[in-house]
Amino acid sequence: MTDAQIIDLFFERSEQAIEELAKKHGGAVSRIAYNILGNRQDAEECVNDTWLGTWNAIPPERPAPLRTFVCRIARNLAAKRYHANTAEKRNSQYDLALEELAECIPDRDNVEDTYGAKELAAAISRFLDTLEYSDKFVFMRRYWYADSLTDIAEMSGLRYKTVSVRLSRIKGRLKQYLMKEGLLV
């Protein structure tokens, strides 16, 4: 079933919409939730909350692409639950991914005082458009999906060290790009 057909089912308020969405994009949603939360039960609850959030958002939304839309909902819900669950504790994969980007991303207060989060997101998106597919893949798997370097190496067919070096270089280029854009001092 195509994404457009699934969205049409949501507009018809058919419960089959959730079933078809779960069949088509459930693996990606589950992976994001688990990578962030590190706990199967919490991840399953997050996935169910994602389906409810999608049900409530469509209609009126008609998202394109659908996968990105539901993954964003899952990621936001998982991050919210992660912060609620951990407060002062550490979750190695998610914390490591966030710490790796900390030097490239201006602190939140600074962003709100100058350009705003939307401008930062737009700048990062423009930067990603400059990357070759393999670099974009590695970057997105690490910082959007919160995959481990080992998992990224397996998925991409690269060595662990190659993935690590590539990410380091991409972060350096991102930092330079954001400085050039005036979003990072």
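Over the ring of which residue does the charged end of arginine 13 sit? It sits over the ring of tryptophan 55, 4.0 Å from the centre of that ring. A charge is counted as over a ring if NZ of Lys or CZ of Arg is within 6 Å of the ring centre and within 35 degrees of the ring normal. Arginine 40 and tyrosine 34 form another such arrangement, and the table gives both.

| Charged residue | Ring | Distance to ring centre |
|---|---|---|
| Arginine 13 | Tryptophan 55 | 4.0 Å |
| Arginine 40 | Tyrosine 34 | 3.9 Å |

The structure is a predicted model, in which local features need pLDDT of at least 70, side-chain atom pairs count only at pLDDT 80 or more, and totals for chains, interfaces and linings use all residues. Residues are numbered from 1 along each chain as its sequence is written, and side-chain values use heavy atoms, with hydrogens and water left out.

**Confidence and overall build**

The predictor's confidence in each residue is expressed as pLDDT, from 0 to 100. For the protein chain the mean is 87, and 86% of the residues reach 70 or more. Helix H1 has the highest confidence, at 96, while helix H6 (residues 108–113) has the lowest, at a mean of 48. The pLDDT is below 50 over residues 110–115, a stretch with seven contacts in the model beyond near neighbours in sequence; a contact means heavy atoms within 4.5 Å.

The chain contains ten helices and zero strands. Both are DSSP runs numbered from the N terminus, helices being H or I with at least four residues and strands E with at least two. Of the 185 residues, 41% are buried, meaning under 20% relative accessible area with a 1.4 Å probe and protein chains only, whereas exposed means over 50% and partly exposed lies in between. Among contacts with a separation of 6 or more, 63% join residues 24 or more positions apart.

**Two nonpolar cores**

A nonpolar core is a set of buried Ala, Val, Leu, Ile, Met, Phe, Trp, Tyr and Cys residues joined through side-chain atoms within 4.5 Å. The largest has 28 residues, and Leu21, Val29, Leu66 and Phe69 have the most contacts inside it. Two or more residues of this core come from each of helices H1 (3–11), H2 (16–37), H3 (40–57) and H4 (66–86). Another core lies apart from it, with 23 residues that include Leu131, Tyr143, Leu149 and Ile152.

Beyond four places in sequence, phenylalanine 69 is in contact with Thr54, Ala57, Ile58, Glu61 and Pro63. Phenylalanine 11, in helix H1, is partly exposed at 32% relative accessibility. Phenylalanine 11 and glutamate 61 are 50 residues apart in sequence and 9.4 Å apart in space, C-alpha to C-alpha.

In helix H9 (residues 149–156), the buried residues are Leu149, Ile152 and Ala153. They are on the same side of H9 because they cover an arc of only 100 degrees around the axis. Their cover includes helix H8 (133–143) and helix H10 (160–180). Just after H9, glycine 157 has a positive phi of about 80 degrees.

Phenylalanine 127 and tyrosine 177 form a tilted aromatic pair, 5.6 Å centre to centre with 50 degrees between the planes. Rings of Phe, Tyr and Trp (its six-membered ring) pair if their centres lie within 6.5 Å; planes under 30 degrees apart are stacked, over 60 edge-to-face, and the rest tilted. Phenylalanine 127 lies in helix H7 (residues 117–130) and tyrosine 177 in helix H10, so the pair ties together parts 50 residues apart in sequence. Phenylalanine 127 is buried at 3% relative accessibility, and tyrosine 177 is buried at 17%.

Note on methods:
Arc of directions from axis to C-beta.
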